[in-house]
Amino acid sequence: MNGLRRQLCLDQSLETGNLLLEMDFWRLGSNHTLVSVWSTWLAQRLVALPLMVQGRRHSAADLLNYANEANIQVAVYASVERILLASTSQYSRSRLSAIGVVYRDKKGRYHHAMVREKGEVMLSAGAIGSPQLLLISGIGPRSYLSSLGIPVSYHLPYVGQYLYDNPRNGISIVPPMPLENSLIQVVGITEAGAYLEAASTVIPFVSPARAVFIRTPSTSPLYLTVATLMEKIVGPLSTGSLRLASTDVRVNPIVRFNYFSSPVDVERCVNGTRKIGDVLRSRSMEDFMFREWFGARNFRYVGPALPVDLSDFTQMADFCRRTVSTIWHYHGGCVMGKVVDRDYHLIGVGALRVVDGSTLTVSPGTNPQATLMMLGRYLGLKIIRERKKSH
Ligand SMILES: Cc1cc2nc3c(=O)[nH]c(=O)nc-3n(C[C@H](O)[C@H](O)[C@H](O)COP(=O)(O)OP(=O)(O)OC[C@H]3O[C@@H](n4cnc5c(N)ncnc54)[C@H](O)[C@@H]3O)c2cc1C
């Protein structure tokens with residue numbers, strides 16, 4: 001990499017939000033906690049503070065700007081193929097230790113990155129990448145690895161297990177007036193633990209969609225707002241798993257989240273979607289309805305509407321199952337207590353830690369990113385402190 005100052009971040013404009021959902025929670029006057037989207041707030045104001053004045057969002061890669069170039073080498077567009085393991089007496093507490101990684105650069109050339117004395121491999125490939133890489137490296141359930149012909153380096157039964165995703169359900173409408181593009185900025189948390197959020201997106205529509213929504217003869221492209229009200233369940237009890245589709249790390253593994261396999265999650269989804277129904281029936285949402293020629297007012301839905309009878313549990317549960325999607329907060333796969341210990345060391349293998357969302361059994365808060373950045377910082381500082389102590 002030519003200098004750490006090279007920007008790796010995405011150039012995304014910071015959204016200015018409509019506080020539609022916030023408004024409705026106050027008006028409903030029920031027992032909801034209203035909080036700002038903590039992680040987004042934190043990421044924008046604390047983690048990326050120096051660049052906040054430019055009104056842009058930044059990724060963790062921006063923190064490289066503050067690294068000491070003499071102490072770090074970054075390989076971009078590189079893909080780690082395998083963790084190298086060896087039995088070594090250097091690490092007295094465990095027989096097997098990580099000694100480095102093999103990675104492939106963007107031109108397909110292989111490289112070795114080896115740990116120095118007292119060094120460690122820190123695996124942060126995420127909820128899908130970390131368990132995948134451990135399995136490919138021969139760390140996982142013995143019988144499963146053997147069935148794939150992968151030599152077993154260490155039998156660790158729960159690698160790739162306890163994978164979670166927070167189910168998201170909701171509705172989308174086209175309002176009669178344009179709204180600004182707005183990502184999620186506020187969240188309402190119900191007593192039953194559903195997180196309610198709102199967003200609006202401006203989407204270019206072409207014929208025949210135009211004929212459905214707008215009656216103008218214009219031939220220029222139409223940009224319509226789609227407003228979405230959604231709820232996600234925090235801490236789902238339904239668990240999934242990850243299996244390898246190939247021993248080639250570039251092939252995506254097969255992931256099953258088993259949404260709503262726990263009846264508790266179904267019940268929480270039904271409660272959350274009922275609350276969306278309450279929001280839709282509130283006075284402030286009337287402005288988002290279209291007036292029909294005979295005087296009635298209705299929402300124009302994009303995709304499925306909520307069942308008419310919100311009290312019908314069977315219909316609501318069916319809506320949850322039919323419309324479930326991800327909010328991209330999947331986590332687990334190398335969970336603490338089963339794959340890593342409290343210091344994020346891989347259980348039974350030396351000089352190897354997993355530090356990312358794969359270690360979580362619950363994705364924290366509304367959005368996890370800032371917490372995960374702080375996890376990296378927490379562990380980094382802890383390791384520095386421990387090293388200083390041992391010298
Ligand atoms: C579309 C989308 C939108 C999101 N929006 C938000 C949001 O607005 N706010 C928020 O807080 N969270 C958001 N999230 C969730 C958040 O991004 C994740 O929870 C968080 O990034 C997880 O962090 P992590 O460190 O566990 O893994 P990741 O951030 O996924 O990092 C893992 C990294 O490892 C790399 N990797 C994997 N395998 C290999 C390999 N073999 N070799 C080399 N590199 C590898 C991956 O490319 C990736 O860069 C969003 C997620 C998605 C997908």
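If we skip its neighbours within four places in sequence, Val 354 is in contact with Leu 123, Ser 130, Cys 334, Val 339, Val 340, Tyr 344, Leu 346 and Thr 359. By contact I mean that the C-beta atoms, placed from the backbone, lie within 7 Å.

Quick housekeeping. This is a predicted model, where local features need pLDDT of at least 70 and side-chain atom pairs count only at pLDDT 80 or more, while totals for chains, interfaces and linings use all residues. Residues are numbered from 1 along each chain as its sequence is written.

Back to Val 354. Along with Ala 98, Val 339, Val 349 and Leu 352, Val 354 has the most contacts inside the largest nonpolar core, which has 65 residues. Such a core is a set of buried Ala, Val, Leu, Ile, Met, Phe, Trp, Tyr and Cys residues joined through C-beta atoms within 7 Å. Where does this core lie? It lies between domain 1 (12-58 + 166-326) and domain 2 (75-164 + 330-360), because both give residues to it. Those bounds come from an automatic or database domain assignment.

Tyr 344 sits in the loop between strand 21 (331-333) and strand 22 (349-350). Helices (H or I, at least four residues) and strands (E, at least two) are DSSP runs, numbered from the N terminus. Is Tyr 344 buried or exposed? Buried, with 22 other C-beta atoms within 10 Å. The cut-offs, with C-beta atoms placed from the backbone: 20 or more others within 10 Å is buried, 12 or fewer is exposed, and in between is partly exposed.

Asn 258 isn't a glycine either, and has a positive phi of about 55 degrees. Asn 258 is partly exposed, though, with 15 other C-beta atoms within 10 Å.

Now, the ligand. There are 19 residues around it, and Gly 126, Gly 129, Gly 357, Asn 367 and Gln 369 come nearest. Near here means a C-beta atom, placed from the backbone, within 6 Å. Which helix gives the largest share of that shell? Helix 3, with four residues. Both domain 1 and domain 2 give residues to the shell, so it lies between them.

Notes. Contact = placed C-beta atoms within 7 Å.
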